[in-house]
Amino acid sequence: MFRWANLGWFDARVLIVALCLLFGVRIHEEFRRQIMKLNKQKSSQAEREFGGTLGATCIPVFLPLTVLYLLCVCRSPAASVLQWPPVLPPTAQLWDPLAPVLILGWMALQSFLYLLPMGKLSEGMVLKDGSRLKYPINGFHALCVTAVLLTLSLWLGMPLGYLFELLLPLAVCAIGVSFLLSLYLYIRSFWAPHHALAQGGNTGNPLYDFFMGRELNPRIGSFDLKYFCELRPGLIGWVVINLGMLMKEVELRDSASLAMILVNSFQLLYVADALWNEEAVLTTMDIVHDGFGFMLVFGDLAWVPFTYGMQAAFLVVHPQSLSPLGATAIVTLNGVGYYIFRKSNSQKNQFRRDPTHPSVANLETIATATGKRLLVSGWWGLVRHPNYLGDLLMALAWSLPCGFNHLLPYFYVVYFTVLLIHREARDERHCRAKYGLAWDAYCSRVPYRIFPYVY
Ligand code: NDP
């Protein structure tokens with residue numbers, strides 16, 4: 001039988017050391033468990049955006065229905081959002097076997113163009129593990145090749161105007177693809193290493209995480225799914241749909257109206273600009289901060305192509321005449337908006353990439369504890385989001401060619417104002433957390449957020 005008294009001095013010391021080690025290991029384990037518990041609690045209590053779980057449950061139902069509803073209303077003779085009961089399409093109008101073929105073919109074509117060795121490779125921002133991903137900068141090339149292919153197809157007699165009839169089935173398929181892709185992204189994120197997860201979409205609540213996106217930069221090999229979806233299938237798809245509406249107008253009235261030409265040209269300029277400056281997307285919130293989940297997938301693949309160009313679909317059924325003076329005023333407004341938007345985005349992008357570049361080296365800045373500096377003069381000294389101001393002026397110019405008899409064409413400008421005010425508030429929260437007192441100093445130097453002397 002074991003007796004303490006039988007132990008020699010050496011044996012007793014060994015036993016004490018062993019007990020201390022055992023005890024130490026237990027304490028260490030307990031300590032680790034508590035820290036992990038705290039971290040888990042902290043992450044699950046992290047501030048939830050978009051209305052938390054309730055928002056993440058309702059938005060994926062509500063927004064797809066909104067897309068279909070808006071498309072129905074804008075093609076109806078009254079085009080009234082106030083009409084009750086609301087315009088609902090017969091189910092037969094929601095489906096066409098050609099639609100999935102076109103959507104999948106389109107995604108395949110854009111993926112092929114993404115993979116072609118055209119353009120340069122650029123590095124993204126530094127990730128949590130210190131690495132930087134490489135991205136092909138060939139979106140503008142993809143737009144040009146698509147334009148050549150479209151011209152060829154039109155020359156061969158492709159009835160592009162038929163897109164008008166196909167709008168609803170195409171939107172239904174794009175919504176379906178968004179759900180499937182988001183589900184795939186959610187499932188695969190459980191195999192991603194912890195450092196590859198986004199800060200906001202990793203709460204442990206499946207609905208919220210599915211919506212916000214768990215993984216920051218999901219890739220299949222070198223194919224970056226988020227970067228691809230951000231600017232290619234949806235944005236290029238949007239201008240192709242617009243062109244389809246213009247062709248439909250030509251079919252119906254033998255020529256394209258000035259209003260339709262303006263809407264097509266303004267939106268083509270916006271898309272071409274985004275693709276020409278594709279590298280700038282690498283420093284935006286979507287790429288740097290947000291996970292890739294339903295919010296971005298649906299926005300990129302369904303919301304943008306089917307609601308942003310609604311003015312063109314509206315004009316097919318509700319032609320508008322524009323006076324030369326009215327057209328000049330609208331072109332000027334779009335030009336001013338574009339100038340502010342482009343100059344301010346380029347200034348910040350240049351400053352973030354190389355603060356010693358002669359175009360930004362003389363601007364006044366504030367130092368922050370992170371080592372990064374904040375611009376307080378130039379465009380970023382006018383308001384805290386001059387790029388949003390320019391974007392909103394353009395949004396208004398896109399709606400004005402549709403006249404003042406209907407509210408619907410102004411949906412985009414109203415929605416976009418709400419989106420950018422919400423986005424600005426999100427960005428402020430992130431910047432305040434990142435830069436602390438330096439951000440407060442910036443806010444007191446530049447008190448207005450988007451509209452000088454107003455907001
Ligand atoms: P921004 O390009 O506005 O970038 C915000 C970031 O810029 C901040 O997080 C901060 O990041 C940096 N920053 C802020 N203030 C300063 C400053 N004073 N000096 C230096 N850096 C500063 O973000 P978005 O991604 O929201 O917008 C990009 C463009 O895309 C905008 O023109 C917007 O209008 C457009 N957009 C269009 C949408 C559409 O649907 N059409 C949707 C969303 C955006 P850090 O300090 O870490 O660099």
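By class, the largest cavity is lined by nine nonpolar, three polar and no charged residues. For this sorting, Ala, Val, Leu, Ile, Met, Phe, Trp, Tyr, Cys and Pro count as nonpolar, Asp, Glu, Lys and Arg as charged, and the others, Gly among them, as polar.

A quick word on what you're looking at. This is a predicted model, where local features need pLDDT of at least 70 and side-chain atom pairs count only at pLDDT 80 or more, while totals for chains, interfaces and linings use all residues. Residues are numbered from 1 along each chain as its sequence is written, and side-chain values use heavy atoms, with hydrogens and water left out.

**Cavities and a pocket**

Rolling a probe the size of a water molecule over the atoms shows where empty space is left. On a 1 Å grid over the protein atoms alone, a cavity is a set of points where a 1.4 Å probe fits but cannot get out; a pocket is an open set with protein on both sides within 12 Å along at least five of seven lines, and lining residues have an atom within 4 Å of a point. Points are joined across faces, edges and corners, and a volume is the space filled by probe spheres set on them.

There are three cavities of 30 Å³ or more, and the largest comes to about 60 Å³. Its lining includes L71, L167, W238, N242 and F306. Two or more residues come from each of α8, α11 and α12 (310-317), with α8 giving the most, four. Helices here are DSSP runs (H or I, at least four residues) and strands likewise (E, at least two), numbered from the N terminus.

The second largest pocket has a volume of about 630 Å³. Of its 29 lining residues, L102, W106, L163, L170 and V240 lie nearest the centre. Helix α3 supplies the largest share, eight residues. The lining splits into 24 nonpolar, five polar and no charged residues.

**The ligand**

Which residues come nearest the ligand?

| Side chain | Ligand atom | Distance |
|---|---|---|
| Y308 | oxygen | 2.6 Å |
| Y435 | oxygen | 2.4 Å |
| Y442 | nitrogen | 3.2 Å |

The protein covers 88% of the 920 Å² of accessible area that the ligand has on its own (Shrake-Rupley method, 1.4 Å probe; for residues, only the protein chains shown count as cover).

**Salt bridges**

The whole structure has 18 salt bridges, each a side-chain nitrogen of Lys or Arg within 4 Å of a carboxyl oxygen of Asp or Glu. One of them joins E49 to R426 at 2.8 Å, N to O. This pair links distant parts of the chain, 377 residues apart: E49 sits in the loop between α1 (9-45) and α2 (52-75), and R426 in helix α15.

How values were computed: A polar contact is a pair of N or O atoms within 3.5 Å; within protein, one must be able to donate a hydrogen and the other to accept it, and residues adjacent in sequence count only if both atoms are side-chain atoms.
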